[in-house]
Amino acid sequence: MSAASAHRPPILRRNDDHWCGDFQAMASPCQLLTEVNSEAHATELLNAVAAEAWRVEGKFSRYVSGNIVADINSSGGLEIEVDDETANLLDFADSLNRMSNRRFDITSGALRKVWKFDGSDRVPAQADIDAVLQVIGWHKIRWKRPILQLRPGMEIDLGGIAKEYAVDRAAGLVREQTDAGSLINFGGDLVVVGKPATGGWRVGIESVDAGENSPDRLIHLRAGALATSGDARRFLLQDGVRYGHVLNPMTGWPVDIAPRSITVAADTCTQAGMLATLAMLRGADAEKFLDQQSVQYWCLR
Amino acid sequence: MTDKQNNSIVMSLAAATCTLLGTAPAGPVNAQEDPGWNFNTSLLYYGESDGRVQDASLNLLARRSFADDKSLALTLAVDSLTGASANGATPMDVVQTFTSPSGNATYSTPAGEHPLDGTFLDTRVAISASWQQPLGRLYAVNAGLTASGEWDYTHLGGNIGLSRDFNKRNTTVSIGVAFARDNLDPEGGAPVRFAPMLDVGDLSNKMGSQDKDVVDLLLGVTQVVNRNMLVQFNYSYSDSSGYLNDPYKIISIVDPVTGDTVPRIPTPGVAGPSHEFRFESRPEDRAKHSFYGQGKYYWGGRVLDLSYRYMTDDWEIDSHTLDAKLRFPIGDSSYLEPRVRFYSQTEAEFYRASLNDGDPLPQYASSDYRLGNFDAITAGIKYGWKTGSDNDMSVRLEYYVQDGEVPAEQIIGNQSQRDLYPGLEAIIFNFSYGFGK
């Protein structure tokens, strides 16, 4: 798909003491806030940030046809050679799989074919889950950079990494151009670039069932990143049991008693996002895991 | 999985992310949650030597932060005062007897000692509420109300202030104004100026409750000099008007040759003062100008805090206060802060150790030691630490000594053999605990 032309151009406006640019990418509202002086400079930065978001989306989204992920997923068990950037992401996914004792798995997307988190009561049958589990498991694939070989029927999904990765990539582009305080926010995963002129950017973490415009907690972010994992609207309810959307790729079932949302603060957005995801996969032990990592986090249950 | 393995994830992840992005992070994360309520509680003990004033005080501060840098602060202070206070009469070589402020009893002071009014006993409750918020991008406004009450005194006040940031927020200029209306209703009534101390049961020297109004104006500049240094300058003007006497302070009427207080014989069958004493008389206005400078210097975890204040007023009291504190860390989560403070003031124009019998009364006179010429030193140390749950605790111990002198030309006859100025020593102990997110 020729991505760039299909996107609505970003919109820049002046807020109080900074420029605010909005655009849509990766199914999320995305933002660049920057304290550069001139409108021209802000526009230039915004275009670069949006272009990078769209590039990452175009290249790695599984909803886009004809990209590298589509090529991999339609490889039918044959070897496929990937470019450097894709190889870097696969290496990263491989590291995460090991770090998490296989809980983090980019081949687990197939489970979504049986689990439809639409608030309904359609909990899948065990037989259907078992069938899907046959084509899940990072350890079942062969990955020797730059050659990837999936088993027939297996698919990968880089959606759990791509957004945070895009945020950090965009941050790198902005950092090359200015020291002025900037904030890059892709759907709630965000990073600070430069030094904010004031006390830092104020970021609200919305409570899951809070009313509009009532952030539950307010965080002053002067440097580093925040990322959130979790979506309380995605669940199934059967016989009074709530099944959250975080799935364990080894059992095929939702992780027990996972928090509704976890926000983590870290040096980069990728680190923050992955820590939030890894914690989510620990279910009831999410907070314990984060405490052991000595990271700052905010957990909603 | 063991804790050790768990803990290594954050390190492995940092390394993997660095490889993925091809760069190291720009810097360590710095995220702070906007606090909700936080509290500070403290217990203070102030004790003067020789059974003089003892004050045990409990202070509570509750602060709530809201979005957009708005905050509300509420305070409550409860003071319990006991002990005795110098009443202003000069020491004598004989026992002196006084009528207590209520007018229904007497108390006596042994020969050679500073006369102390031992009936001093009170509980004070003070509350305040203040609100602060930004006004646009560069301005901030604050407003507050204060009230306090004790047995013989009530206070009501309000204040409002405005500040503006300049120079990329490195300079803040603030102005403020405060008003207060105080009401004085001493036991037995407020004494009439220069009225003589009378026998028990005779309240003809007393009148009803009295008011005092105070207006304060403040101008301040705070300047961030660099990453390590902050300086602040304030000018304040304070105008008090109304009844400014201390209703419990008296002056001895002395023989102009010997300097001894003139004896007095109470009405037969009634207890009363053994000598001639008159209640004090202060002007009904007081205008104070105060200039204050403070510098804070931070280096390697240490903070040096130096401040100086010069105050001058139209009662002709000039004072200088020099205060120095040095905070240095001990380990990661505690600090020590020694402090020394010097204070010096000249006496009020109408300060009189005593008044001569037979001379016409001046317009104003007071022998209150706090309006005399004196120097004071405070020396102390504070130790603060973080508790396991990241709350702040501190203990502070200070020693205060004050001594002054009566101007030579005011010393008459035998007074030169007596210690006319009631100096004092005090110990201050404070424990404070702050908690809340």
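Student: At what angle do the axes of α2(A) and helix α6 (residues 159–177) of chain A cross, and within what distance do they come?

Tutor: The model is a predicted one, in which local features need pLDDT of at least 70, side-chain atom pairs count only at pLDDT 80 or more, and totals for chains, interfaces and linings use all residues. Residues are numbered from 1 along each chain as its sequence is written, while chains are lettered from A and ligands numbered from 1 in the order in which they are written. Axes are lines fitted to C-alpha atoms, for helices over the stretch in contact, with angles from 0 to 180 degrees between N-to-C directions. Here the axes of α2(A) and α6(A) come within 9 Å and cross at roughly 150°. That makes the two helices roughly antiparallel (the term for angles over 145 degrees).

Student: Which residues of α2(A) and α6(A) make the contact?

Tutor: Two residues are in contact if their C-beta atoms, placed from the backbone, lie within 7 Å. From α2(A) come L45(A), A48(A), V49(A), E52(A), A53(A), V56(A) and F60(A), and from α6(A) come A162(A), Y165(A), A166(A), R169(A), A170(A), L173(A), V174(A) and Q177(A). By class, this contact has 12 nonpolar, 1 polar and 2 charged residues; Ala, Val, Leu, Ile, Met, Phe, Trp, Tyr, Cys and Pro count as nonpolar, Asp, Glu, Lys and Arg as charged, and the others, Gly among them, as polar.

Student: Which residues of α2(A) are buried?

Tutor: A residue is buried if 20 or more other C-beta atoms, placed from the backbone, lie within 10 Å of its own. In α2(A), the buried residues include L45(A), V49(A), E52(A), A53(A), V56(A) and F60(A); A42(A), W54(A) and E57(A) are also among them.

Student: How many residues of α7(A) are buried?

Tutor: In α7(A), residues 269–280 of chain A, 12 of the 12 residues are buried, so this helix is largely enclosed by the rest of the structure.

Student: How many residues of chain B are in contact with chain A?

Tutor: In chain B, 29 residues are in contact with 39 residues of chain A. Helix α1(B) gives the most to that side of chain B, with 13 residues. By class, the side has 14 nonpolar, 9 polar and 6 charged residues.

Student: How many helices and strands does chain B have?

Tutor: Helices (H or I, at least four residues) and strands (E, at least two) are DSSP runs, numbered from the N terminus. Chain B has 1 helix and 26 strands, and buried residues make up 19% of its 437 residues.

Conventions: Parallel < 35°, antiparallel > 145°, perpendicular 65-115°, else oblique. Expected span 1.5 Å × (residues − 1).
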